[in-house]
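Reader: Hi! I'm new to this one, could you walk me through it?
Author: Happy to, let's bring it up.
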Amino acid sequence: MTISNTEPENWLAQRVAASRDSFRQLENAGLGAKIAQSRDGKTITLSDGQKIVEFASCCYLGFETDQRLVEAAKRSLDCWSTQLACARTRIVTHEVLELEGLLSQILGGMSVTVFQSASLAHIGVLPLFASGVLPSFPMRSPRFILDRKAHASIQVLRAVLESFGAVMMVDIGDLEAVKSNLQSIRRAGDTPVVICDGIGSMGHIAPIEQILLMLEEVDGFLYCDDAHGFSVIGEHGQGHAMTHLRRCPHRGIVVVSLNKSFGTNGGAVAVPTEGDLDLIRRYATSYAFSGSPALALVSASTESARIHLSEELGERQRLFRDNLAVLDLELDGIGYPLINQHSASPVRGIVLAEEDACIKFCSSILRQGFLLTTALYPTVERNAATARIAVSASHSRDEIVGLCRTIRDVASRSI
Ligand SMILES: Cc1ncc(COP(=O)(O)O)c(C=O)c1O
């Protein structure tokens with residue numbers, strides 16, 4: 001076999017080539033996939049016996065270890081066994097329908113269906129949306145304004161989008177650029193479509209309210225991934241995007257993940273009408289030709305949804321915000337740029353910039369018993385390597401203060 005030394009030609013091969021060395025370095029530094037043997041709350045025992053406190057799970061409200069969810073999953077296993085191995089276009093359990101009804105209440109009364117994950121929801125729904133076949137979103141030669149930082153599960157569908165209309169990459173926080181693109185698309189008589197994350201997994205908060213106002217003026221549509229905003233923000237945990245979209249539901253689609261704060265497994269899509277859902281259920285490949293989300297987790301999700309619709313959710317959100325405030329305070333002045341300090345986003349991070357420095361930093365923190373997420377290119381942009389910190393309502397104050405003390409110590413030695 002001959003090995004070519006030439007630059008790879010396609011974008012994915014280029015990304016792989018540009019990141020291969022740092023992933024190898026990450027693994028050599030002991031930051032590759034750790035093998036977890038058991039857990040006790042936020043403390044994980046690894047296969048080599050080391051106990052670490054993880055600040056890597058994005059289950060910000062701590063529902064993942066809630067006993068009510070665990071018991072619901074067990075009851076489902078007794079009732080349904082592991083799965084009903086059949087597409088939902090043929091037979092669907094009443095629990096799935098019940099879950100969708102509860103999620104609709106959480107998501108501002110929009111029509112909701114569930115997928116096995118948010119990523120699979122994108123694969124099923126984004127092509128249908130872009131094609132203009134969903135009744136609420138008629139497209140006249142669509143053109144897509146895609147946020148540069150939108151999640152990888154959307155970026156990977158860029159070529160699919162391009163088969164329906166031109167894609168322009170923008171920084172969603174640059175409202176002037178968004179506006180001038182929207183207006184020029186409209187002047188050409190085409191349909192403008194904005195695609196972005198509500199709360200970015202590595203930083204920014206999208207200005208959804210302003211974008212919706214602009215879309216109203218140009219008769220355009222929004223497709224928003226709010227995986228990180230769901231549960232943790234807004235009434236009943238409706239999320240950052242739905243807090244605004246609920247006032248003009250005909251303007252867009254929101255996709256959420258149940259794999260994060262919701263504490264279970266799966267994804268959900270919220271669309272304006274049952275007519276949109278009918279089409280998705282019939283034609284979305286990851287719905288029509290795929291099995292149901294795992295039934296035990298559907299029952300756990302139903303339990304989580306009931307909690308979201310009760311007063312308890314507000315208490316959890318407050319507890320989480322209190323923990324986030326402790327982190328923000330303790331990290332003040334550590335000497336590195338911080339992501340989102342004191343902001344409404346649940347995501348926090350320390351920008352180390354160079355990949356090498358970030359790997360060394362996270363590795364030193366891990367040796368002291370705390371796991372952060374080492375985010376490198378292509379998850380973040382080049383030279384923006386970030387140690388991401390995911391605080392949860394389940395962390396104790398001592399755990400957060402202990403982490404921050406370690407971070408200060410490691411930072412003072414690295415600067
Ligand atoms: C913004 C965003 N969207 C989607 C996903 C994927 O969600 P899921 O695990 O449900 O596919 C993630 C997970 O990292 C994410 O951060």
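Reader: Which residues come nearest to the ligand?
Author: Ala118, Ser119, Asp225, His228 and Ser257 come nearest, out of the 14 residues around the ligand. A residue counts as near if one of its heavy atoms lies within 4 Å. A word on the basis: this is a predicted model, where local features need pLDDT of at least 70, side-chain atom pairs count only at pLDDT 80 or more, and totals for chains, interfaces and linings use all residues. Residues are numbered from 1 along each chain as its sequence is written, and side-chain values use heavy atoms, with hydrogens and water left out.
Reader: Thanks! How far is the side chain of Ser119 from an oxygen atom of the ligand?
Author: An N or O atom in the Ser119 side chain is 2.6 Å from a ligand oxygen atom. Ala118 uses its backbone instead, with an N or O atom 2.8 Å from an oxygen atom of the ligand. For His151, a polar side-chain atom lies 3.3 Å from a ligand oxygen. Polar contacts here are pairs of N or O atoms within 3.5 Å.
Reader: And how much of the ligand's accessible area does the protein cover?
Author: The cover is 84% of the 400 Å² that the ligand has on its own, by the Shrake-Rupley method with a 1.4 Å probe.
Reader: What classes of residue make up the shell around the ligand?
Author: Two are nonpolar, nine polar and three charged. Asp, Glu, Lys and Arg count as charged; Ala, Val, Leu, Ile, Met, Phe, Trp, Tyr, Cys and Pro as nonpolar; and the others, Gly among them, as polar.
Reader: New topic, helices! At what angle do α1 and α14 cross?
Author: Helix α1 (residues 11-28) and helix α14 (residues 355-367) cross at roughly 15 degrees, and their axes come within 10 Å. So α1 is roughly parallel to α14, a label for angles under 35 degrees. Axes are lines fitted to C-alpha atoms, with angles from 0 to 180 degrees between N-to-C directions. Helices are DSSP runs of H or I with at least four residues, and strands are runs of E with at least two.
Reader: What about α13 and α15, how far apart are their axes?
Author: The axes of α13 (residues 312-330) and α15 (residues 397-414) are 10 Å apart, at an angle of about 20 degrees. That makes α13 roughly parallel to α15.
Reader: Last one: where is the cis peptide bond?
Author: It joins Tyr377 and Pro378, with omega about 10 degrees. Pro378 sits in the loop between β14 (373-375) and β15 (385-389). Ser141 is worth a look too: its phi is positive, about 35 degrees, although Ser141 is not a glycine.

How values were computed:
A polar contact is a pair of N or O atoms within 3.5 Å; within protein, one must be able to donate a hydrogen and the other to accept it, and residues adjacent in sequence count only if both atoms are side-chain atoms. Angles under 35 degrees count as roughly parallel, over 145 as roughly antiparallel, 65 to 115 as roughly perpendicular and the rest as oblique.
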